[in-house]
Amino acid sequence: MTEGVAQRYRDLDLWPAGEILEALYEAQLRAVAALKEALPALEKAAGAAVERLQAGGYLAYAGAGTSGRLAVLDGVELLPTFGFSRVRFLLAGGERAFSEAVEGAEDDLEGGLTLGRSVAPKDVLLAVAASGQTPFTLGVLRGAKEQGALTVALANNPGTPLLLEADHPVLLNTGPEPIAGSTRLGAGTAQKVALNLFSTLVMVRLGRVYGNRMARMRVQNAKLQTRAAEMVKEIAGVSGEEAKRLLEAYRDPALAALVALGLGAEEALALLEEKGVRGALAEVRR
């Protein structure tokens, strides 16, 4: 379906600029709307992933081309936003492919299979491919399954090998693109939103959010310092100056708050990893 030529957009190159933008905008809205039907599958996949990650597993992202780059964009945000560092990237063509096309990389089934076999049984593999049949990505998924890892797949075509072989298939049914085959458009938008939804739900369920705040974020600039200090003040009841001092030492609002409440840093970190922010605070305040 993602390779189909939509009659709606015939002679697109002859349209006025405003009409082209309107058509592209409408296609983006349809792509996001396609996520509604995928929500139950995303929920099940996230629930299964949390069990592996709670046991110390890694979240490994796999993909090629646009899909691979979108996967990397999602994964690199998990450390600064949620303090989660157990992330791997299995990208066709390696790091070089993030900024340029690597000829033939996505067709390397054997290379993908080899990389997939480096995934551990307690890990979660999240494979992304618009077509659902990219050889490299399929190879990674098959290799990871051989090792006993949990496999989650996002694809934009129904009945494709990636979805049929994954433990948790998630279909993003976006249909043909405004520019035929250009899956950086609707398919890519749906993938980005699905990745956001999946990883955010997983981080919430891992206890790395307190209320609706990023309580495990990494404090890396003045804006975040101010935001984090307010969190520490609120949670631990300390002064602004004490909150800033603790954050300079620990760079993690929840960890700083637990230290302010009387725990040692190592004990506090272990408690956060075991019980999450809310659970750790409940334990300290009992």
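The model is a predicted one, in which local features need pLDDT of at least 70 and side-chain atom pairs count only at pLDDT 80 or more, while totals for chains, interfaces and linings use all residues. Residues are numbered from 1 along each chain as its sequence is written, and side-chain values use heavy atoms, with hydrogens and water left out.

The chain as a whole provides the setting. It has 12 helices and five strands, these being DSSP runs numbered from the N terminus (helices H or I, at least four residues; strands E, at least two). Its C-alpha atoms fill a box of roughly 65 × 50 × 35 Å along the principal axes. Of its 286 residues, 48% count as buried, where buried means under 20% relative accessible area, exposed over 50%, and partly exposed in between (1.4 Å probe, protein chains only). Among contacts (heavy atoms within 4.5 Å) with a separation of 6 or more, 66% are between residues 24 or more positions apart.

Arg208 is found in the loop between α8 (186–205) and α9 (222–236). Its relative accessible area is 5%, so Arg208 is buried. Not counting residues up to four places away in sequence, Arg208 touches Phe82, Gly83, Phe84, Met203, Ala215, Arg216 and Glu273.

The pairing with Glu273 is also a salt bridge, with the closest N and O atoms 2.8 Å apart. Glu273 belongs to helix α12 and Arg208 to the loop between α8 and α9, so this pair ties together parts that are 65 residues apart in sequence. A salt bridge is a side-chain nitrogen of Lys or Arg within 4 Å of a carboxyl oxygen of Asp or Glu. Side chains of opposite charge can pair when their charged atoms come close.

Asp252 sits in the loop between α10 (240–250) and α11 (253–260), and Arg216 in the loop between α8 and α9, 36 residues apart. Both Asp252 and Arg216 are buried. Through salt bridges that share partners, Arg208, Arg216, Arg218, Asp252 and Glu273 are joined into one network.

Glu273 leads on to the second largest pocket. This pocket is lined by 14 residues, of which Leu53, Gln54, Leu206, Glu273 and Glu274 lie nearest its centre. On a 1 Å grid over the protein atoms alone, a pocket is an open set of points where a 1.4 Å probe fits, with protein on both sides within 12 Å along at least five of seven lines, and lining residues have an atom within 4 Å of a point. About 220 Å³ of space lies in the second largest pocket, the volume being the space filled by probe spheres set on the points. Helices α2 (39–54) and α12 (265–285) each supply at least two lining residues, and α12 gives the most, with five. The lining divides into four nonpolar, four polar and six charged residues.

Methods
Ala, Val, Leu, Ile, Met, Phe, Trp, Tyr, Cys and Pro count as nonpolar, Asp, Glu, Lys and Arg as charged, and the others, Gly among them, as polar.
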